[in-house]
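Here's a quick walk through one model, written for someone who likes to know the cut-offs. Have a look at it first.

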Amino acid sequence: MWKYVKRYLHFAILAALFMVGEVLMDLIQPGLMSHIVDDGVLGLNNGGVGNLNLIWKLGIQMIGLVLFGGLCGSLNNVFVHLSGQNIGNDIRKDSFRNIMTFSFPQLDKFGTGSLVTRVTNDITQVQNFVSQFVRGMIRMSLLMFGSMYCMFRLNREFGLIVLCAFPFIVGCLAFCLSRANPLFSKLQAQLDSINEIMQEDVSGIRIIKACVREIYEKARFRKANDELIKTQLKVLVIFAFMNPIINALMYIVVAIILLVGSFEVSGGGATPGTIMAAITYTTQLLNGILMLVMLFQNISRGIASWKRVKEILHSKQELVDGSLSGETEQHGTIEFRDVSFSYPETGQVVLDHINLTVHQGETVGIMGTTGCGKTTLVNLIPRFYDVTGGAILVDGVDVRDYEQKALREKVAIALQKSELFSTSIKENISWGSPSATEEAVQSAAHTAQADDFISLTPNGYDTIVAERGVSLSGGQKQRLSIARAVLKPAEILIFDDATSALDLKTESNLYKALQKTKPESTKIIIAQRIASVRGADRIAVLENGKIAACGSHEELMKSCATYQDIYHSQIGEEAENHE
Ligand SMILES: Nc1ncnc2c1ncn2[C@@H]1O[C@H](COP(=O)(O)OP(=O)(O)OP(=O)(O)O)[C@@H](O)[C@H]1O
């Protein structure tokens, strides 16, 4: 935290100085008031004759002090916010930057909802914590200790009375905070859950409606929300009980001062003005304590949030960059050398000693039952995950020896679930190649069989795609994603079930166009449909984490029972007879 605070320490120091000014004005006021009452109104030092001139003089002084105190307070606020907001802003930017370097296992571990809560709500809590600390803590401490000092100067007995009340007040505070503190971490975790549900439900609203799951989802959200409110109420109840207790203590102290003061006035040891000033100081002091309670609430919550933000900031980049950033001798070869993989959370072996070499310019299809590890296999090429056994070599070099940027520049991926951004069609296509010319974008769209539908949209390539591409059909979205991958000048092109929403004719035209425009690229095509991979040079059939067979369509039809089964289930006896 200090790293961030020290960048804006000058604002914090200025804030503190103005705060000193504001508090000094607050502390001088009761003394002046006492002077006005004793000498101006009662004339205690003038045989009981009041002094109107003195009242005017001191009154004007008091107004001046109030105005000066107000100015100091306003400037203090400005600098408090300058420090708090800037610190929050820097933490948010650093958190986001760090999240961008996270490996997929790290992203899986945090979860999207939690990352969103941490970067938004948690950092706002930290920001409040800094502002409250700079403004509140300094103000309250100065006011409390200043009032105490002034009380002792005014009247030693009054000072001692207030001092005696202190241990009770501090004890009450400590008890309540020890109860409330664990609840703050719980509150933030519950906010994570709410964000998680919100995200899932808003992005999956169509499915929810289609499956008529609204009632279930409403109940799920209500439960998460109720739990949050329950915790929040517990915190509020703790503080709700604490406030009257501290208030009661405050009035007991005031009553004792009045009692002792009345004896002292009759014995000549104190004046009515002194008692008035003592009560004002006591009220200031105890009000300070009450505000401190509220402050502690925010500060405790800020500390709990800071711990969660720190987990993001201190998470080390798990994928260590290699040193290779330059050219390689080969262009587009991939070798899976005895590759094994299991996901860290489950430990289940998804890929088991895979050996496969894909040559430059070759098209390799990957087939297999759903969940057999096809996506996992290709995710290892650009190092979305690291192998847990063996090695993957791209152009003869272990992927771990590349700088990630250099490696990922070699690979273009189109996914089944197309990720589109709320910007123009043109920018969506050129997302991975921002410097691409208009012609190149159009040519990529042409290859992806997307130009026909793009020309029918209201503004052609400048048409804005709605959030997550909801304004487009599944097949249109897939074609834009494919155009994006095609446009990227990458040596390896991966289609992860990226044509599943296309009709067979469009798909076939796409592959023909692709072969024509990018004959030199190595292509890996994951598909469920035999028709999608039939034209590939080789097809690898994945089964139980292993490659069960690998060969051309014709070879597999002769030698691989699994492939034959898939073929028969898709093409059917009848189609086969037509051939
Ligand atoms: N992030 C993850 N964490 C843990 N397990 C995962 C993760 N992603 C996938 N898996 C598991 O790994 C296995 C392989 O998943 P993968 O997505 O690679 O299969 P797939 O063959 O591509 O499936 P599909 O054809 O349905 O897309 C599955 O059992 C899946 O549950």
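## Around the ligand

Helix α10 (residues 374-379) supplies three residues to the shell around the ligand, the largest share. Helices here are DSSP runs of H or I with at least four residues, strands are runs of E with at least two, and both are numbered from the N terminus. The shell has 13 residues, and Tyr343, Thr370, Lys374, Thr375 and Thr376 come nearest; a residue is near a molecule or strand if its C-beta atom, placed from the backbone, lies within 6 Å of it.

Sorted by class, the shell around the ligand has seven polar, three nonpolar and three charged residues. For the classes, Ala, Val, Leu, Ile, Met, Phe, Trp, Tyr, Cys and Pro count as nonpolar, Asp, Glu, Lys and Arg as charged, and the others, Gly among them, as polar.

## Ground rules

This is a predicted model, where local features need pLDDT of at least 70 and side-chain atom pairs count only at pLDDT 80 or more, while totals for chains, interfaces and linings use all residues. Residues are numbered from 1 along each chain as its sequence is written.

## The chain overall

The protein chain has 19 helices and 10 strands. Of its 579 residues, 35% count as buried (20 or more other C-beta atoms within 10 Å of the residue's own; 12 or fewer is exposed, in between is partly exposed, with C-beta atoms placed from the backbone).

## α6 against α9

Helix α6 (residues 156-203) packs on helix α9 (residues 272-313) at about 20 degrees, with the axes 9 Å apart. That makes α6 roughly parallel to α9 (angles under 35 degrees; over 145 is roughly antiparallel, 65 to 115 roughly perpendicular and the rest oblique). The axes are lines fitted to C-alpha atoms over the stretch in contact, and angles run from 0 to 180 degrees between N-to-C directions.

Who makes the contact? Among the α6 residues are Phe158, Leu173 and Phe184, and α9 brings residues including Leu285, Phe296 and Arg308. Contact means C-beta atoms, placed from the backbone, within 7 Å. By class, the contact of α6 with α9 has 13 nonpolar, seven polar and two charged residues.

Most residues other than glycine have a negative phi. Asp338 has a positive one of about 50 degrees, and Asp497 has a positive phi near 55 degrees.

Buried or exposed, where does Asp338 fall? Asp338, in strand β1 (residues 334-342), counts as exposed because it has 12 C-beta neighbours inside 10 Å. Asp497 sits in the loop between β7 (492-496) and α16 (504-517), and is buried, with 21 other C-beta atoms within 10 Å.

Conventions:
Contact = placed C-beta atoms within 7 Å.
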